[in-house]
Amino acid sequence: SGCSGSCHWPRYQQLKASLREHQEPPRLFCEGCRQKVKEMTDQELPCRVNGCNHTWTWTRQQQLAWESEQMPSQMCAECRHTLKRLHEREVRCRVRNCRGVWYWKPYQQLEYMRAGKDLRQPPRRMCEECVEKLKDRADQELPCKISECQRTWTFTAFAQHENELMNGPEAPPPERMCQE
């Protein structure tokens, strides 16, 4: 980027490229840029996956061709290899009596593994439908079931949703004692 030099593309290489469909000229370095590359060194940068302690190599050629002011962010070879073996998984919703699922993406699984967690025990999350239903709900303060007590207990939005799934939409809230 920013170089006004040119490079030589030999005729034989041009002929080979012309025999292939849609072959564009290769991106080569001019003599000045090749000299800059010789003076540079490869850099080891941290893997972009949270929890991974490995590195990847940012070559001299990549550094010279880099057009952004931000450092690049890539996965190490081990994470790339592991990611290829992972597949999107359907995981049951954490809400009792809900038959919905949420989709666990391979990259999320990789970060979960790198955090030292077991893929056989996926995180407990809600399906999209349950998430949407909970957006409009608020916790409720309900009176303690002990008639002489004036305090309240909290019927959380999550518990309200589970109660509705278990007992129907018109089900009354359960009776409970306050914390005290």
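Glu-162 is found in helix H7, which covers residues 157-167. Helices here are DSSP runs of H or I with at least four residues, and strands are DSSP runs of E with at least two, numbered from the N terminus. The model is a predicted one, in which local features need pLDDT of at least 70 and side-chain atom pairs count only at pLDDT 80 or more, while totals for chains, interfaces and linings use all residues. Residues are numbered from 1 along each chain as its sequence is written, and side-chain values use heavy atoms, with hydrogens and water left out.

Buried means under 20% relative accessible area, exposed means over 50%, and partly exposed lies in between (1.4 Å probe, protein chains only). The buried residues of H7 are Ala-157, Gln-160, His-161, Glu-162 and Asn-163. Their cover includes helix H6 (128-135), strand E5 (140-143) and strand E6 (152-155). When neighbours within four places in sequence are left aside, Glu-162 is in contact with Arg-94, Val-95 and Arg-96; contact means heavy atoms within 4.5 Å. After H7 comes Gly-168, whose phi is positive, near 100°.

**The loop between E3 and E4**

Asn-97 lies in the loop between strand E3 (89-92) and strand E4 (101-104). This residue has a positive phi of about 70°, although it is not a glycine. Most residues other than glycine have a negative phi. Asn-97 has a relative accessible area of 48%, so it counts as partly exposed.

The two residues with a stated accessible area are set out below.

| Residue | Relative accessible area | Class |
|---|---|---|
| Asn-97 | 48% | partly exposed |

**The protein as a whole**

The protein contains seven helices and six strands, and their order along the sequence is α-α-β-β-α-α-β-β-α-α-β-β-α. Its radius of gyration is 29 Å, whereas a compact globule of 180 residues would have one near 16 Å. This radius is taken over C-alpha atoms, and the globule rule is 2.2 Å times the number of residues to the power 0.38. Along the principal axes, the C-alpha atoms fill a box of roughly 95 × 35 × 30 Å. Of the 180 residues, 25% count as buried. Among contacts between residues at least 6 apart in sequence, 45% join residues at least 24 apart.
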